[in-house]
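Here is a short briefing on one protein chain. Look over the sequence and the fold before reading on.

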Amino acid sequence: MDDETTMIGDASAAAEAWLEHVDAGDHGAGWRETSSLFRQMVTEEQWSEAHGKVAAVLGRALRRELRDTEHRTSVPGAPDGEYVLLKYDTRFERKQEAVETVVTMLDTDGEWRVGGYFVQ
């Protein structure tokens, strides 16, 4: 297995574990599992409020399927580093077709953590 395959596998595992917290509505655990950069930029209260609004509009995730992964060394609004973007085709209670993007990053302690989350 090459380094990029390992990197994507580790990043995917971190994203999946994080999504379990999000799906369970455990905003605190979700926030604690984000990258140190994310926690510097977004307080736990801000994250809880923002994700609570998204969940109120879309409802629970009913199905999620990984569509694409992409390794990058640069993403907008963050320092250069190691990033893996994971795009999921997701079906929510009140939105049949959505794309969730989970941005994972190699954190300062060498662990993969979520650094961004977007729903389109």
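Strand 4 supplies the largest share of the lining of the largest pocket, with five residues. The model is predicted, and the pocket holds about 470 Å³ of space. Of its 22 lining residues, V103, G115, G116, Y117 and F118 are the closest to its centre.

**Largest pocket**
- Several elements build the lining: helix 3 (36-41), helix 4, strand 2, strand 3 and strand 4 each give at least two residues.
- The lining divides into 17 nonpolar residues, four polar ones and one charged one.

**Second largest pocket**
- This pocket holds about 160 Å³ of space.
- It is lined by 15 residues, and the closest to its centre are V22, H51, A55, G59 and R60.
- Helix 4 gives the most to this lining, with four residues.
- Helix 1 (3-23), helix 4 and strand 1 each contribute at least two residues here.
- By class, the lining has seven nonpolar, four polar and four charged residues.

- Four strands make an open sheet, ordered 1-2-3-4, with antiparallel pairing.
- Strand 1 (61-72) and strand 4 (112-119) are the edge strands, and each pairs on one side only.
- On average, neighbouring strands are turned by 25 degrees against each other, direction ignored.
- As a rule, strands of a sheet pair through backbone hydrogen bonds, either parallel or antiparallel.

**Strand 2 and its partners**
- Strand 2 (residues 83-92) is joined to strand 1 by ten bridges, and the two run antiparallel.
- In this pairing, A61 stands opposite F92 of strand 2, and R72 stands opposite Y83 of strand 2.
- Strand 2 also pairs with strand 3, again in the antiparallel sense, over nine bridges.
- Here V84 stands opposite T104 of strand 3.
- A hairpin of two residues connects strand 2 to strand 3.
- Strand 2 is mostly covered, with seven of its ten residues buried.

**Helix 4 on the sheet**
- Which strands does helix 4 (residues 44-58) lie across? Helix 4 lies across strand 2, strand 3 (95-106) and strand 4.
- Helix 4 runs at about 45 degrees to strand 4.

Key. Residues numbered from 1 in each chain as written. Predicted model: local features only at pLDDT ≥ 70, side-chain atom pairs only at ≥ 80, totals over all residues. Heavy atoms only, no water. Pairing = 2+ DSSP bridges. Axes fitted to C-alpha atoms, helices over the stretch in contact; angles between N-to-C directions. Contact = heavy atoms within 4.5 Å. Buried < 20%, exposed > 50% of the residue type's maximum accessible area, 1.4 Å probe, protein only. 1 Å grid on protein atoms, 1.4 Å probe; cavity = no way out; pocket = protein on both sides within 12 Å on 5 of 7 lines; lining within 4 Å. Points joined across faces, edges and corners; volume = space filled by probe spheres on them. Nonpolar A, V, L, I, M, F, W, Y, C, P; charged D, E, K, R; others polar.
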